[in-house]
Amino acid sequence: MALISLQSNMLLLLASIAGLVSLGAACTPSATTVSGTHAPGTVCSGDLIFSDDFDYFDLEKWQHENTLAGGGNWEFQYYCNNRTNSFTHSGTLFIRPSLTSDQFGEPFLSTGHLNIEGGAPADRCTNPQWWGCDRQGTPANVLNPIKSARLRTVNSFSFRYGRVEVRAKMPAGDWLWPAIWLMPAYNAYGSWPSSGEIDLVESRGNRNMFSNGLHIGTQEAGSTLHYGPYPGLNGWERAHWIRRNGAGYDTDFHRYQLEWTPDFIRFSIDDVELGRATPGNGGFWEYGGFNSNPNILNPWRYGSKMAPFDEKFYIIMNVAVGGTNGFFPDGVDNPNPKPWWNGSPTAATDFWNGRGGWLPTWQLDVNDGQDASLQVDYVRVWAL
Ligand SMILES: *[C@@H]1O[C@H](CO)[C@@H](O)[C@H](O)[C@H]1NC(C)=O
């Protein structure tokens with residue numbers, strides 16, 4: 001042993017004298033940049049820079065949101081850190097909705113007061129916007145009737161440019177809205193949607209929902225970019241793609257993929273491209289058609305042509321429910337009609353009162369509610 005190591009030390013010495021030390025493959029620089037507690041110290045081209053196989057629930061990587069905010073869309077869920085709603089099992093992450101009334105009783109929804117701010121660092125309310133930390137239930141506006149989970153890598157990992165692959169199975173159940181997406185780490189161009197939003201996959205859990213003859217439930221998956229100078233001016237319609245799968249995205253795992261480079265953003269499912277945005281020299285300002293209005297200042301004018309998608313983003317995974325922003329359009333054809341109108345001032349109560357229709361479709365009592373869960377086999381991110 002001693003002799004061998006002496007020999008290899010001498011070889012190393014000779015090699016370094018000759019300036020030839022190259023143990024392992026050379027590091028080819030990458031356009032990808034990273035930050036966060038679980039980001040690698042150096043990034044070489046092609047490196048796996050973040051991954052989780054969910055062999056255990058790594059809360060150092062995944063921070064739970066704790067909020068009643070409803071995503072800015074008056075969605076009906078309360079995001080919390082509770083193993084009823086998020087857990088790993090047999091190498092899979094489950095995000096599983098449940099009823100708030102299971103915990104607090106049904107009368108609490110219309111009479112109770114929920115203050116979810118906690119003292120421990122892991123219990124802090126993560127989004128106070130839209131009465132997100134403190135709400136009073138009333139008969140007209142019940143407290144968020146569904147508990148669910150939203151996980152994010154906001155502290156552990158954010159990155160600019162790279163390749164992402166998430167192998168996941170979408171949930172089934174009326175009005176469930178799963179999403180795997182990315183949000184800007186530092187809002188380098190201002191608040192939403194100025195700094196962008198990258199939606200890798202969203203779908204709807206309804207097994208038999210049609211709009212104008214098209215199945216827009218479990219048989220449809222979509223990818224979208226949101227970007228614009230203010231919320232009322234968002235160019236998402238020019239960066240939105242859908243794909244249909246007659247078997248339903250809820251019946252099997254699929255690989256949802258993002259390729260994000262200094263030239264384009266491309267979405268694929270199982271290696272088949274869904275769509276891509278390739279802005280010209282006018283960047284996303286021109287791509288979104290905003291340049292036709294000379295009175296609006298372009299927040300990206302000093303960024304690259306990919307701005308706002310030339311800054312770091314972090315990963316989010318969640319199951320939302322309902323909401324009033326039109327993701328579930330009024331007038332859709334569903335076996336149990338949509339129980340709320342998007343213009344209703346009592347949408348959460350209307351939804352809750354319609355539970356005789358949607359709750360059986362979630363099958364929460366079968367197999368620990370796995371069919372109603374977003375299931376994630378792995379998340380992987382590579383450097384360009
Ligand atoms: C977690 O969720 C279950 C089911 O809703 C509930 O009974 C329990 O009280 C919750 N735990 C905490 C600490 O809130």
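1. In this note, Asp, Glu, Lys and Arg count as charged; Ala, Val, Leu, Ile, Met, Phe, Trp, Tyr, Cys and Pro count as nonpolar; the others, Gly among them, count as polar. With those classes, the shell around the ligand holds no nonpolar residues, four polar and two charged. The model is predicted.

2. Which residues surround the ligand? They are N82, T84, S98, D102, Q103 and K147.

3. Now the core. The largest nonpolar core has 84 residues. Those touching the most other members are I49, V166, I180, L182, L200, M317 and V376. Strand β23, residues 313–321, gives the most to this core: eight residues.

4. Take L182 from that list. Leaving out residues up to four places away in sequence, L182 touches I198, L200, F313, Y314, I315 and I316.

5. K312 sits in the loop between α4 (283–287) and β23. Is K312 buried or exposed? K312 counts as buried because 20 C-beta neighbours lie inside 10 Å, and 20 or more is the cut-off for buried. Beyond its neighbours within four places in sequence, K312 is in contact with T33, S35, S158, F159, R160, A185 and Y186. K312 and T32 are 280 residues apart along the chain, yet their C-alpha atoms are separated by 9.4 Å.

6. A247 is also a loop residue, between β19 (240–244) and β20 (254–260). A247 is exposed, because 9 other C-beta atoms lie within 10 Å and 12 or fewer counts as exposed. The C-alpha atoms of A247 and T218 are separated by 8.6 Å. Along the chain, these two residues are 29 residues apart.

Definitions and conventions. Residues are numbered from 1 along each chain as its sequence is written. This is a predicted model: local features need pLDDT of at least 70, side-chain atom pairs count only at pLDDT 80 or more; totals for chains, interfaces and linings use all residues. Helices (H or I, at least four residues) and strands (E, at least two) are DSSP runs, numbered from the N terminus. A residue is near a molecule or strand if its C-beta atom, placed from the backbone, lies within 6 Å of it. A nonpolar core is a set of buried Ala, Val, Leu, Ile, Met, Phe, Trp, Tyr and Cys residues joined through C-beta atoms within 7 Å. Two residues are in contact if their C-beta atoms, placed from the backbone, lie within 7 Å.
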